[in-house]
Amino acid sequence: DASCDWSSDVCSSDLVTFDYMEKYLRGLIPDHQGMLKELEEYSIDNKVPIVQKETGRFLELMVDLTKPKRILELGTAIGYSSILMSVASKRNSKITTIERDKEMVEKATVNIHKYGFEDDIEILEGDCLEIIESIEDKFDIIFMDAGKGHYNHFLPHCLRLLNKDGIIIADNVLFRGMVPSDELVKRRKITIVKRMRTYLELVSKDEELITSVIPMGDGIAVTKRRGI
Ligand code: SAH
Ligand code: MG
């Protein structure tokens with residue numbers, strides 16, 4: 001229930017759903033092997049954020065369902081979600097991913113070469129806000145996973161770059177439960193939370209768009225231009 005105490009055991013600290021449900025749903029998803037497993041282990045050992053297991057599964061499903069020729073990702077980190085989506089597309093998608101942290105760019109570049117994805121995944125180094133302005137290509141999936149306080153600023157650019165039937169998948173939109181509940185908002189996060197609410201209102205109220213917010217992982221919003 002909405003009044004659940006986020007600091008207690010009942011709810012987890014960085015997921016928006018209940019522990020027992022999360023645990024069960026995660027248990028249904030088979031573990032990755034090989035490179036994805038290695039990257040998952042690296043992310044845990046080095047405390048680098050990657051998409052949660054069920055979010056990763058959802059991305060795989062979206063890629064399989066929509067068969068994107070081109071994917072734009074905001075926030076590469078170590079390249080995990082890029083590689084995951086490339087694998088899900090059976091390498092039929094070209095992925096462009098943006099990262100501003102130099103160390104992350106280096107790590108992701110190493111991984112992309114190590115696992116042989118250099119023909120499929122291109123990293124652009126820099127701030128999403130700047131880079132996205134200079135992009136002219138069109139994309140079938142845009143995965144927003146960086147700069148949580150800027151989704152509302154990225155949105156006009158994402159819409160400009162989105163193909164007619166393309167979808168925007170935004171991660172972390174419920175931000176540890178802070179977005180739906182004032183009581184959970186940490187003081188330092190207030191600006192991010194307010195802007196995330198703005199994003200969700202923009203994509204939900206615009207009559208030319210259709211959005212579904214899914215309380216999975218840290219919250220996902222899937223947006224598409226109305227086709228009918
Ligand atoms: N999508 C990745 C995880 C990305 S974590 C995966 O699931 O594997 C978010 C990343 O976004 C971090 O590496 C951070 O450095 C980067 N980032 C944050 N704000 C950014 C910005 N404004 N421009 C570019 N990258 C940004
Ligand atoms: Mg995320």
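Here is a short chat about the cores, strands and a helix of this predicted model.

Visitor: What makes the largest nonpolar core a core?

Guide: A set counts as a nonpolar core if its buried nonpolar residues are joined through side-chain atoms within 4.5 Å. The largest such set here has 34 residues, and Leu72, Leu74, Met144, Ile168 and Tyr199 have the most contacts inside it. Two or more residues each come from S1 (70–74), H6 (128–134), S4 (139–144), H7 (151–161), S5 (162–171) and H8 (190–205). H7 gives the largest share, 6 residues.

Visitor: Which residues is Met144 in contact with, leaving aside its neighbours within four places in sequence?

Guide: Contact needs heavy atoms within 4.5 Å. On that test Met144 touches Leu74, Tyr151, Phe154, Cys158, Ile168, Ile169, Ala170, Asp171 and Tyr199. There is also a second, separate core of 27 residues, and Ile71, Ala77, Ile95 and Ile169 are among them.

Visitor: Why is S1 called mostly covered?

Guide: Buried means under 20% relative accessible area, and 4 of the 5 residues of S1 are buried.

Visitor: How do you know that the span of H8 agrees with what it should be?

Guide: At 1.5 Å a residue, its 16 residues should span 22 Å, and the end C-alpha atoms of H8 are 22 Å apart, so the two agree.

Visitor: Why do you say the buried residues of H8 line one face?

Guide: The buried ones are Val193, Met196, Tyr199, Leu200 and Val203. Seen down the axis of H8, they fall within an arc of 115°, so they line one face of the helix. An α-helix has 3.6 residues a turn, so residues three or four places apart point the same way.

Visitor: What do the two sides of H8 look like?

Guide: The buried residues of H8 pack against S4, H7, S5, S6 (209–214) and S7 (220–225). The face turned away from that buried side carries exposed Lys194 and Lys205.

Methods: Residues are numbered from 1 along each chain as its sequence is written. Chains are lettered from A and ligands numbered from 1 in the order in which they are written. This is a predicted model: local features need pLDDT of at least 70, side-chain atom pairs count only at pLDDT 80 or more; totals for chains, interfaces and linings use all residues. Side-chain values use heavy atoms; hydrogens and water are left out. Buried means under 20% relative accessible area, exposed over 50%, partly exposed in between (1.4 Å probe, protein chains only). The expected span of a helix is 1.5 Å times one less than its number of residues. The arc is that of the directions from the helix axis to the C-beta atoms.
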